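Visitor: Please take me to one part and look at it closely. I would like to see where the two chains meet.

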Amino acid sequence: MTATIPAAPSRPRLMKGNEAMADAAIEAGCDAYFGYPITPQAELLERMARRMPELGRVFVQAESEIGAINMGLGAAATGAKVLVSTSSPGMSLMAEAMSYMAGSELPILLINVMRGGPGLGSIGPSQSDYFQATKGHGHGDYRVPVLAPASIAEAVALVADGFEIAARYRTPVILLADGIMGQAMEPVVPEYRTPIWDTKGWELTGAAGRAPRVVRSLHLFPEELERHNIQLQAKYAAIAERETRWAGEELDDAEIVIVAYGTAARVARTAIERARAGGLRAGLFRPISLWPFPSRALAAVAANARAMVVVELSAGQMVEDVRLAVDRTPVFFHGRTGGMVPTPREVVDRLRIAWALTGARA
Amino acid sequence: MTTTPVGGRRIVYQRPTLLTDRSTHYCPGCGHGIIHRVIAELLDELQLGPTTIGVASVGCSVFAYDYFGIDFVESPHGRAPAVATGVRRARPNAFVFTYQGDGDLAAIGTAEIVHAAARGERISVVFVNNGIYGMTGGQMAPTTLLGQHTTSSPLGRDAAVAGFPIPITEMLALLPGVAYAARGTITDPGQIGKTKAMLRRAFESQLAGEGLSIVEVLSTCPVGWGLTPTESMAHVTNEVTAVYPLGVIVDRRRAATRKDGS
């Protein structure tokens, strides 16, 4: 039995982040989904469990996150458009296969709805997997594009973009959402689109009428592996050149610039409103691609700012990339951890401290 | 094997078309060459070459993809049944088999093989058991016999410290998702023929959509065991088969047929 996909509603619909991302993947033509129950992403798995079989597509609840991501590896090797989703502890288990897929150049979209850590941590929202997502999950020299939505509507759009980047560069892509992005509900007019998905003849279909193909990451001869790695690095350079994304808000006259992504950017927005009401001109620089990190754009913005304030739901991870990107502008940090979310008031206080401790730009 | 007359002579033995024309990296006396050949013959005979996607695992046999003329995907260590699940689900018309060693399947990959079996995935598993981690230098595997000397059990495997050999094929055969489970060996032409018949039945089971099929093949590792190739064959016959008995462990189609009285 196959069901038709209902037309996208033009009026705003109240959608939960996890379900909206599941729907976005389905509308993007996702062929196969593999997952394992973990809070706070379980609704994504449940949505796919109901809808994928209705559409005659593949859904498997795996025995573990290791199983899920390796099923994803196998399906991706056939050229299928694959989604896998998890939350932080599951992401750690998926690290091995991420390394293999980066080495084997397999496209896949992986959604990590982050929770508090380390260890089993909490099920509250967190951004404590920034290092893991952007600096490498598994072993080896590789990079993975990381996209971070700050609203459910943006999460919907980034699902399609993520599939497209995955196919264009033959690479895993991570959509990094925090627990609030997964659990919150907000009115959305979802903008669905079908991403370009061209496998260009590397996919495994059975070798009928052509030479056999092998999908692998093993290159035992050092010269061969180095050639492969040089080619991967060239690909990462191309991604850094073409796929860097960020958004700015109220930056034109901003003396102090908040750098924040995801839910932290939502908090920052309220803080900026209040700061401006009190006469402090603040603005927001919001990285959307966490790797590639928008370093050049941030440096340009920082050159005109008196201070930068990085806000994260972590003990300070992205702030390291901000400090690397920014030349002389002082960088302040405010973060909460463990499922706690910074309040606008805390952020405004930090803006005032940053203003008081720094001088105006010459 | 084809016996086409050529120039008045009949070819009674030749390289299967699906085995590539290159030397393998396997050590002298290693069983992988024989098992590769049997698989290639069967894929030829069942005309499965064009639709097959093989899943290579980690161990000596990781290079299997260099020796078969079919599509292949490499899997992380132990994960081949999960990878094969993804391949088979995404491409339901493909013929999918994994080729796994005993370290891969019976140690690091136990969760993946057990749950692929529980789900009754339509895949065939070629499980090559030589009782040792060959590629990394001959360490103890879960399948290593009690008392057997390896580089990580230098005084012999002691059950008090390292537990007992794991009869994982018998364990898997308990699961209803396993349509066919058998154990063969490659110690002489007769046994090779029997193993080939088991693999044929396993492959046909997948084609009939019956569930997961697994054939454990007791193999040799002369270098890892410190024995000559012929001593290794004798070791399998005399010692290994005593712990891991040969034969069909479960065949649910035959069992069902008997119940029907048909």
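Guide: In strand S4 of chain B, B:Phe72 is the bridge partner of A:Val214. Strands pair if DSSP finds at least two bridges between them. Strands (E, at least two residues) and helices (H or I, at least four) are DSSP runs, numbered from the N terminus.

This is a predicted model: local features need pLDDT of at least 70, side-chain atom pairs count only at pLDDT 80 or more, and totals for chains, interfaces and linings use all residues. Residues are numbered from 1 along each chain as its sequence is written, while chains are lettered from A and ligands numbered from 1 in the order in which they are written.

Now step back to the whole meeting place. Here 35 residues of chain A are in contact with 29 residues of chain B. Contact means that C-beta atoms, placed from the backbone, lie within 7 Å. On chain A, S2 (32-35), S3 (58-61), H3 (65-77), H4 (88-104) and S9 (214-215) each supply at least two residues of the side that touches chain B. H3(A) gives the largest share, 9 residues. By class, this side of chain A has 20 nonpolar, 10 polar and 5 charged residues. Nonpolar covers Ala, Val, Leu, Ile, Met, Phe, Trp, Tyr, Cys and Pro; charged covers Asp, Glu, Lys and Arg; the others, Gly among them, are polar.

Last, the partner chain. Chain B has 11 helices and 11 strands.

How values were computed: Contact = placed C-beta atoms within 7 Å.
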